[in-house]
Amino acid sequence: MTVVEQKVLAMSGDEAVAYAVKQSDVDVVAAYPITPQTIIVEKFSEYVHNGEVDTEFICVESEHSALTACLTAAAVGARAFTATASAGLALMHEILYVTSGCRAPVVMAVANRALSAPINIHCDHSDTMVERDSGWIQIYAENSQEAYDSIIQAFRIAEHPDILLPVMVGLDGFFLSHTLENVRILPDETVKGFLGNRKFPLVRNHEGKLVPFRLAPENPITIGPLDLYDYYFEHKRQQEEAMRRASEIIKQVHGEYANVGGRQYGDGLIETYHLEDAEIATICLGSTAGTVKTVVDELRSKGIKAGLLRIRTFRPLPVKEITVALKNVKAVGVMDRACSFGGFGGPVFHEIRHILYDAPVHPHVVNYIYGLGGRDMSYILINQIYRDLERILETNRVEKKVQFIGLRE
Amino acid sequence: MSEWKFTIKEIAEKPELFMSGHRACAGCVPATVHRLVLKAARGPVIATHATGCIEVSSTIYPYTAWKIPWIHTAFENAAANASGIEAALRVLQRKGKIKNEHVDVIAFAGDGGTYDIGIQALSGAVERGHDFLYVLYDNEAYMNTGIQRSGGTPHGAWTTTSPAGKLIPGKPQFKKPIAEIMVAHEIPYVATASPYYWKDLITKVRKGLEVEGPAFLHIIAPCPRGWRFPSEKGIEISRIIVETCMFPLWEAIDEEYKLSPPSKAIALKPEKKKPVKEYLKIQGRFRHLFTLEHEHVIEELQRIIDKRWKRLLKKCGIA
């Protein structure tokens with residue numbers, strides 16, 4: 001397949017997401033406004049009111065109802081989308097688990113934003129990190145282009161009959177959601193062809209008959225029953241199996257998309273930057289990676305063997321890929337834009353140290369908690385992290401395993 | 001609105017959509033209510049349920065009592081469930097992705113899921129005008145968790161969170177006038193019903209399904225465990241609650257209030273109105289009120305019933 005010709009539009013991350021949803025022939029959108037996601041629903045409302053999409057747009061009275069309506073719409077067979085951030089995602093918490101448990105392939109954009117209190121509208125990853133165990137696939141975009149591409153891919157991943165899991169795509173609040181960028185847009189028919197219609201796997205109903213997995217009067221099924229100690233555990237295990245399968249499907253869908261769109265983000269799970277021979281490396285998610293790449297370029301020009309690992313898919317966690325990618329690195333700085341109060345470092349740090357426990361050679365692994373509440377992660381601070389890693393490498397000693405960076409102490 | 005006419009034979013011969021074999025308690029009136037509601041189905045139906053007694057007792061995996069497509073997601077969102085279902089049906093039919101036939105959507109919820117935790121989703125869904133019927137089966141407390149008071153529990157009633165204490169004899173507050181709150185949403189159909197008057201109930205369900213837009217049906221559903229009465233008494237209690245005007249039967253079509261025949265008869269012959277004591281004395285949850293010390297609670301309850309009855313008569317144009 002050849003890469004299609006694409007037009008370039010200047011769009012914010014939110015607008016890029018709305019555009020991707022518009023092209024994805026979404027049947028139902030149920031959403032509630034919250035900064036910094038609001039532009040998504042505003043843009044989408046314009047599409048609805050101007051007749052540019054054939055979508056039922058439900059302006060619900062809360063995020064709880066937004067996700068609920070998407071869940072039941074998806075259960076009827078609709079392609080469903082919602083968007084939220086911060087407190088909105090927290091209000092959805094209960095239904096996040098219900099959505100994945102009902103195996104409803106809902107897609108959601110999250111404009112990552114700090115959680116209250118104190119109230120703060122700016123970026124960090126506290127909102128989605130809290131939901132890492134909710135059974136949703138999590139993709140974090142580095143820029144608006146990737147947010148656009150990831151939303152389209154998300155529908156294919158979520159609706160894959162072997163997966164049937166909801167997907168959330170994170171885009172950093174304001175840094176991406178509100179910042180104009182040149183975004184390359186696929187032709188409408190290309191997106192349509194790439195996604196196709198929803199397919200429904202056959203499930204055995206209570207009468208032992210194989211029927212499509214959807215609420216349809218001709219083949220009644222019961223979804224969301226009471227499930228006690230005799231079956232619940234197996235159903236949870238099935239969700240975990242679907243998550244495991246998702247790694248391959250994400251890579252596959254990402255690859256197919258690259259064939260048409262010409263854009264790749266590593267293998268779809270992780271992206272490495274000058275990591276092959278790197279001695280020191282940082283790990284991060286989201287838009288910070290853009291600045292880190294610039295710093296890595298500079299360090300490389302000075303002969304310093306610096307690299308970057310960006311985790312694009314945080315759930316399912318690409319354990320194998322991360323292990324392989326870090327095999328030559330001697331000092332790893334994990335950057336967390338969220339805090340796990342009272343824990344040993346931030347959530348990404350937990351995972352990385354955990355993964356490296358089985359590595360044949362253990363690198364130093366330290367944690368930098370940064371950018372809470374939208375605090376800027378500057379070029380200077382990133383340089384500081386790499387200097388710290390160099391010092392660890394030289395002295396073979398770690399003074400502080402977990403540090404807060406870029407704040408008054 | 002033309003009224004659906006049916007005979008008892010026709011109803012008996014209609015297939016059961018809420019099947020036997022569920023695990024509701026002996027004498028569970030809510031279960032009877034569900035069976036009656038679905039007898040009014042006029043074609044394909046999709047049902048959704050808030051968390052509650054009937055939800056848990058009718059769907060213990062791998063069994064189900066539902067002969068129709070059914071979904072439960074959580075406690076506070078039955079109306080949001082219905083919103084998503086209704087919107088999906090509409091758009092998928094429009095796009096030709098599913099069969100183009102009318103499908104009725106019914107959301108069931110108990111009093112906890114309606115008066116309390118679910119009122120936000122309910123208010124939002126009817127404000128948006130989704131075409132669905134919301135059935136409140138009111139057993140006047142959180143029975144599924146073990147008889148805790150809700151906004152639907154009547155004044156003075158014992159529950160495990162409004163115990164008949166020395167200082168506070170049962171629930172201090174009054175029952176929230178939920179159906180009138182729903183009328184205030186200016187939706188096309190709101191009604192109350194009791195399973196003793198089963199024909200009235202079925203007729204009202206059908207009307208709720210037939211109107212375009214949201215309909216709300218408030219059905220009283222006595223609970224032998226929670227109300228403390230013998231399991232064979234539920235239907236009798238469903239009658240006395242109407243006869244005492246503690247739960248009058250009425251409907252509001254486009255906000256026009258109209259008494260239903262059993263309550264109309266009382267309005268026309270006020271001497272038929274029974275004192276609330278007759279209703280209270282047959283239930284253990286009010287036993288503590290029949291003491292010198294707490295008798296005033298009964299008087300207070302009678303006062304509020306009379307006040308509300310008067311208000312209803314006025315709304316129905318019977319001054």
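Analyst: Happy to! A:Cys102 counts as buried at 10% relative accessibility, where buried means under 20% relative accessible area, exposed over 50% and partly exposed in between (1.4 Å probe, protein chains only). Please keep in mind that this is a predicted model, in which local features need pLDDT of at least 70 and side-chain atom pairs count only at pLDDT 80 or more, while totals for chains, interfaces and linings use all residues. Residues are numbered from 1 along each chain as its sequence is written, chains are lettered from A and ligands numbered from 1 in the order in which they are written, and side-chain values use heavy atoms, without hydrogens and water.

Searching the whole structure turns up zero disulfides over all chains, a disulfide being a pair of cysteine sulfur atoms within 2.5 Å. For A:Cys102, the nearest cysteine sulfur is that of A:Cys70, 13 Å away. B:Cys28 is in no disulfide, and its nearest cysteine sulfur, that of B:Cys25, is 6.2 Å away. B:Cys28 is buried, at 16% relative accessible area.

Now for helix 7 of chain A, residues 188–195. Helices (H or I, at least four residues) are DSSP runs, numbered from the N terminus. Its buried residues are A:Thr190, A:Val191, A:Phe194 and A:Leu195. They lie on the same side of helix 7 of chain A because they cover an arc of only 120° around the axis, taken from the directions from the helix axis to the C-beta atoms. These buried residues pack against helix 1 (13–23), helix 6 (144–159) and helix 8 (232–261) of chain A, with contact meaning heavy atoms within 4.5 Å. On the other side, A:Glu189, A:Lys192 and A:Gly193 are exposed. After the helix comes A:Gly196, with a positive phi near 65°.

Methods:
Helix = DSSP H or I, 4+ residues; strand = E, 2+ residues; numbered from the N terminus.
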